Amino acid sequence: MRIIKCTLCLLFVVFNSAKVSVTGADNVCANNTTGKLEFGMDCTTNTQCTTDLCRYTRCSCPVGTSYDSCSAKCTPRNEYMISSLDLPIGNHYDWTFIGPVGSYVTLVLYDVDFNTNNCQNNFIHVTSMYDTFLINFCAKNDTTVRYFASRNNVMGFTYRLTDSGYRGFRGMYFMQSNHNILTNSSGYIISPGFPNGCFDHLNITWHISAKAGHFVSLRLLEINNPEMYDLVYVFDGPSILSKQIFNFTGTNFTRRNLTSTTNNMLIMFRSYISYSGAGVLALYTIQGQAYGHVCNTTDECSDDLVCLGQVCSCRVDFFYDVTTKQCKKTFPHGAVCVPSISNMCAVGLTCLTDRNNISRCLCTSHQYESLGSCYTDSELTTSVSSKSFPNVIYLSWTTLSRRSDLTYFVSWVSSSDSGQTTSRLKEVYVSGLTPHESYIFTITSVLPSDSFYNIKIMYTTYIAATDELPECKNTSQWKDASSDYNGTSISSNLSCANSSLSALAGNKEDKEDTIKIVLIVVAALGWLVALTALVTMTINCLRNKKNKGTQANEQSVMSVTIKATKNEYKNMSQSGQRQPEEEIYVNAVESHPVVQLNSRLESNQTSTDNDNNVYDEVKFTHSEHIPDTNIYRNIES
């Protein structure tokens with residue numbers, strides 16, 4: 001009899017399995033050919049994602065949709081979030097969840113937080129037409145996940161919260177039917193009536209389909225069925241014709257993890273009698289080949305991986321975090337990194353120790369940083385050009401550097417000369433050089449240190465020679481030099497002037513001798529000027545002395561003249577010849593220029609004493625010997 005029952009059960013299973021589609025053997029899932037980031041990957045903008053939504057730096061689906069890994073799109077979902085976070089406290093709420101005919105409602109609660117000291121006013125209540133799952137349930141900070149499934153398409157939910165400072169509840173509900181095709185990246189498998197039991201003669205299947213190269217991971221959490229009457233089967237493929245990888249009946253179940261070898265998995269639940277067991281509870285996830293696994297195409301890798309070099313890897317600008325087993329956005333320049341995690345830094349950066357011994361994403365020792373990117377140090381070297389004159393060399397250079405804070409040190413050396421200078425510009429005039437000599441110049445580019453890097457120095461060597469001194473044949477080379485601004489005449493004239501000095505100097509020792517000669521010449525000229533001034537003063541003194549002598553002679557002449565006149569007058573008196581006064585006056589005037597004498601006396605005011613003496617003498621003589629007052633008056637006048 002027992003053998004007959006087993007045979008009938010087997011025939012029943014085969015007969016009812018005909019309802020399960022076997023067309024799933026041909027994969028109909030779409031492949032991502034857009035090059036965009038897929039669901040769950042790190043992002044910065046909406047346009048980067050195939051879902052057209054970047055929320056909290058991850059590609060997400062808009063509200064009211066869920067990600068279909070088979071079509072690689074966000075599709076209207078039958079999953080709905082339910083939460084008390086946006087509901088005012090102090091009210092009483094009742095919800096009724098109704099699904100299509102032939103479906104059943106599943107509810108998942110994963111957070112409950114009420115005031116357990118006032119449970120009569122803070123609770124949730126879950127019921128269906130045939131079951132009461134929770135009666136005035138009240139718990140504090142309870143994150144235990146609870147699963148419920150109705151036996152028909154209706155479920156009721158009641159909520160009340162009067163005390164503030166508590167989260168209330170959070171959960172989700174969705175609809176399932178007798179034959180389910182699941183393409184979301186993850187989901188739940190819950191039998192009707194869970195955890196209170198189900199009706200008899202149930203035939204429910206869950207066909208999990210993924211795109212090519214992916215596989216299905218199934219985690220069986222609970223199976224509690226009457227032995228021999230309720231069975232659970234798992235097939236590694238889309239139908240019951242695929243390889244069976246698991247079956248179970250009874251109550252003594254241990255949790256199991258199953259993984260398909262293809263992109264399809266079929267779970268089938270059969271119930272032949274009505275029972276009070278919990279039923280079936282499982283979780284599934286769709287995965288591609290894991291990080292580091294061999295692949296032929298990107299479609300074979302997990303949704304956040306790509307096939308690079310026949311190995312499933314993270315996309316460009318992402319790295320694989322071994323702690324979370326996920327691909328994350330690479331770190332920018334200066335971010336703290338872990339050296340043991342490869343590709344953690346953005347492209348072009350390396351996890352190195354900075355100047356403060358902190359591991360950061362930095363440029364290598366042969367690179368410099370500009371605006372977060374790395375460039376080769378060769379861009380800091382200079383490309384030099386020059387112009388030469390007899391004792392001046394003009395250097396100019398260019399660089400490919402993207403930094404503006406470079407400083408340049410220029411040094412030079414020759415067989416007889418050396419020196420150095422500093423410039424923030426990309427040019428320098430080096431003067432005071434020896435004509436017709438070769439110099440080796442070293443242009444040093446210096447990039448200052450910052451928070452991460454030490455000072456960086458690059459060298460460039462350049463050889464240039466000064467020109468030979470030109471000959472100065474005449475002074476015409478200096479003509480109109482100031483009007484020529486192209487530098488030709490000026491440099492030529494300067495060269496000519498320098499050649500004159502160089503001809504005198506010759507070398508450093510000759511220059512010193514030349515300076516001594518110049519100083520001697522200057523001193524000689526000073527003495528010559530002083531001597532000339534002395535001679536001039538002497539001549540002036542002699543001239544003044546001669547003038548004084550002339551005045552003394554004139555005074556002597558006057559005295560002699562007056563005396564002569566006196567003698568003549570005496571002679572005339574002795575002889576008794578008295579002439580008229582007019583004649584005497586006239587003769588005196590004609591014989592002696594008395595008028596001239598008086599005039600000269602008036603003009604020579606410098607010899608006042610002598611003049612007065614003469615005048616007194618003349619006055620006294622005439623008044624004594626010439627009684628005629630007219631003659632005296634004439635002479636006095």
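Two strands count as paired if DSSP finds at least two bridges between them. The model shown in these views is predicted.

**Figure 1. Strands β6, β11, β8 and β9 form an open sheet.**
The sheet has four strands, in the order β6-β11-β8-β9. Their pairing is antiparallel. β6 (91–98) and β9 (132–137) stand at the edges. Each of these two has a single partner strand, so one side of each is left without a neighbour in the sheet. On average, neighbouring strands of this sheet are turned by 15° against each other, direction ignored. Strand β8 (residues 123–128) runs antiparallel to β9, and three bridges join them. Within that pairing, Thr 127 stands opposite Thr 132 in β9.

In soluble globular proteins, nonpolar side chains tend to be buried together.

**Figure 2. The peptide bond from Phe 194 to Pro 195 is cis.**
Omega of this bond is near 5°. Pro 195 lies in the loop between β14 (186–190) and β15 (202–209). Most peptide bonds are trans.

**Figure 3. Gly 35 is exposed, whereas Ile 286 is buried.**
Gly 35 lies in the loop between α1 (2–17) and β1 (54–55). Its relative accessibility is 61%, so Gly 35 counts as exposed. Gly 35 and Cys 49 are 14 residues apart in sequence. In space, their C-alpha atoms are 9.1 Å apart.
Ile 286 lies in strand β21 (residues 279–287). The relative accessible area of Ile 286 is 8%. Buried means under 20%, so Ile 286 counts as buried. The C-alpha atoms of Ile 286 and Asp 303 are separated by 9.0 Å. Along the chain, Ile 286 and Asp 303 are 17 residues apart.

**Figure 4. Lys 325 and Leu 371 each have a positive phi.**
Lys 325 sits in the loop between β24 (318–321) and β25 (326–329). The phi of Lys 325 is near 60°. With 56% relative accessibility, Lys 325 counts as exposed. Leu 371 sits in the loop between β28 (367–370) and β29 (373–376). The phi of Leu 371 is near 55°. Leu 371 also counts as exposed, at 84% relative accessibility. Most residues other than glycine have a negative phi.

**Figure 5. Strands β26 and β27 form a hairpin.**
Strand β26 (residues 350–353) and strand β27 (residues 359–362) run antiparallel. Four bridges join them. Thr 353 stands opposite Ser 359 in β27. Five residues lie between the two strands. In the turn, Asn 357 has a positive phi of about 60°.

**Figure 6. Strands β33, β32, β35 and β36 form an open sheet.**
The order of the four strands is β33-β32-β35-β36, with antiparallel pairing. The edge strands are β33 (418–423) and β36 (456–465). Each has a single partner strand, so one side of each is left without a neighbour in the sheet. Neighbouring strands of this sheet are turned by 20° against each other on average, direction ignored. Strand β32 (residues 407–413) pairs with β33 over six bridges, in the antiparallel sense. Ser 411 has Gln 420 in β33 as its bridge partner. Strands of a sheet pair through backbone hydrogen bonds.

**Figure 7. Residues 517–539 are 100% helix.**
UniProt lists this span as "transmembrane region", in an unreviewed entry. The span holds 0% strand. Its end C-alpha atoms lie 33 Å apart.

**Figure 8. The protein as a whole has seven helices and 36 strands.**
Of its 637 residues, 41% count as buried. Take the contacts between residues at least 6 apart in sequence: 63% of these join residues at least 24 apart.

Methods
Residues numbered from 1 in each chain as written. Predicted model: local features only at pLDDT ≥ 70, side-chain atom pairs only at ≥ 80, totals over all residues. Heavy atoms only, no water. Axes fitted to C-alpha atoms, helices over the stretch in contact; angles between N-to-C directions. UniProt positions renumbered as here; feature names shortened; annotations may be inferred. Buried < 20%, exposed > 50% of the residue type's maximum accessible area, 1.4 Å probe, protein only. Contact = heavy atoms within 4.5 Å.
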